[in-house]
Amino acid sequence: MPMSESTALDVKQRILEEAGYKYNFDRRLYVNRKAKKAFSVAFIEDKPESVLQDRILQPSQETGWKFYFNDEPSESVRSQLEIVLG
Amino acid sequence: MGDRTIEDRLREEYFTLLPHMRRISGQLETKVRYHLIPISERLKKYEQLVVKSRVKDCESALEKLRGFQEGATFDRDRPDLYTLKSLKDLAGVRVLAFPPQRLTEIDGILLQHFKDWESDPVLDGDGHLAFKYSGHYQTGDQVRAEYQIVSVLTGLFWEVEHSAMYKPATQFRGTAESFRMKKRRAAVLNALRAFETEFENLVLNE
């Protein structure tokens, strides 16, 4: 892994962990169950830190989970993930 | 009885493809060994060249395909989207070599015989950690194959990592994507490369 990429991931990891996100290795998601938000690894890797911070600060939805993916998940995927994540 | 799951359909596909995967991995290994004979025959005492082939096991193949989906979840309304044929490494050959300077030489030789194959190198900060190519062994093959050229220590670490961490339960494969694990893996690979380079320098300068 190139050093610059490694450093960028370090920063993003810290941002996520400080905001209470934990890694779900079965679904490859960083998840905050309290906020009911989940970020895909691809989204985190592709987006700059500023976008990540912005999405973390966005208010949670009144009902259900908010998924931050590069490609919006289908209803089927969304409902399976909501069951798994609780 | 309910509808079959996507996983069950993929398991059926796997066992349909398995004879092809075995044939292709065997043929690929033979071809690679054959073209590397000129190097094998003139290896010095401290040098190594090992060629190994393998067929991806069923659950690893499913898990890899699932891991390619964001959220590692198949869309149950779109089973048509998924086929194991989309994986590039159902059949594979790994060439392990020491010293690392042999890697480029091996790559040059094999490239002449796999001209149409797609290059997908594993890069690190200073260059190639491994050369990796995928393609169809013969026109009309249903299964894609892959060959990798990597230094001995890195290749052996990948084997240990796979068998110790992910083999017991394939879903643990997802741990490899965590940023913490990526960082640790990069540190191990850097250490192994430094070790190998130091050994190479000592041996070559003797």
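Guide: Let us begin with a single residue and its contacts. Two residues are in contact if their C-beta atoms, placed from the backbone, lie within 7 Å. Leaving aside residues up to four places away in sequence, Ala91(B) touches Met21(B), Ile24(B), Ser25(B), Leu28(B), Val55(B), Val143(B) and Ala145(B). This is a predicted model, in which local features need pLDDT of at least 70 and side-chain atom pairs count only at pLDDT 80 or more, while totals for chains, interfaces and linings use all residues. Residues are numbered from 1 along each chain as its sequence is written, and chains are lettered from A and ligands numbered from 1 in the order in which they are written.

Visitor: Which residues touch the most other members of the largest nonpolar core?

Guide: In soluble globular proteins, nonpolar side chains tend to be buried together. A residue is buried if 20 or more other C-beta atoms lie within 10 Å of its own, exposed if 12 or fewer, and partly exposed in between, with C-beta atoms placed from the backbone. A nonpolar core is a set of buried Ala, Val, Leu, Ile, Met, Phe, Trp, Tyr and Cys residues joined through C-beta atoms within 7 Å. Here the largest core has 34 residues, and Leu28(B), Leu90(B) and Ala91(B) touch the most other members. Two or more residues of this core come from each of α1 (6–35), α3 (58–67), β2 (91–98), α4 (101–111), β5 (127–135) and β6 (145–151) of chain B. Another core lies apart from it, with 17 residues that include Phe39(A), Val41(A), Tyr68(A) and Val77(A).

Visitor: How many helices and strands does chain B have?

Guide: Helices (H or I, at least four residues) and strands (E, at least two) are DSSP runs, numbered from the N terminus. Chain B has six helices and six strands, in the order α-α-β-α-β-α-β-β-β-β-α-α along the sequence. To judge the whole chain, one uses the radius of gyration, taken over C-alpha atoms, and the globule rule, which is 2.2 Å times the number of residues to the power 0.38. The radius of gyration of chain B is 19 Å, close to the 17 Å that the rule gives for 206 residues, so chain B is as compact as a globular protein of that length. Buried residues make up 30% of those 206 residues.

Visitor: Is Asp3(B) buried or exposed?

Guide: Asp3(B), in the segment before α1 of chain B, counts as exposed because it has 9 C-beta neighbours inside 10 Å.

Visitor: How many residues of chain A are in contact with chain B?

Guide: In this model, 27 residues of chain A are in contact with 21 residues of chain B. On the side of chain A that touches chain B, α1 (3–18), α2 (41–46) and α4 (75–85) of chain A each supply at least two residues, and α1(A) gives the most, with six. For classes, Ala, Val, Leu, Ile, Met, Phe, Trp, Tyr, Cys and Pro count as nonpolar, Asp, Glu, Lys and Arg as charged, and the others, Gly among them, as polar. That side of chain A has 14 nonpolar, seven polar and six charged residues.
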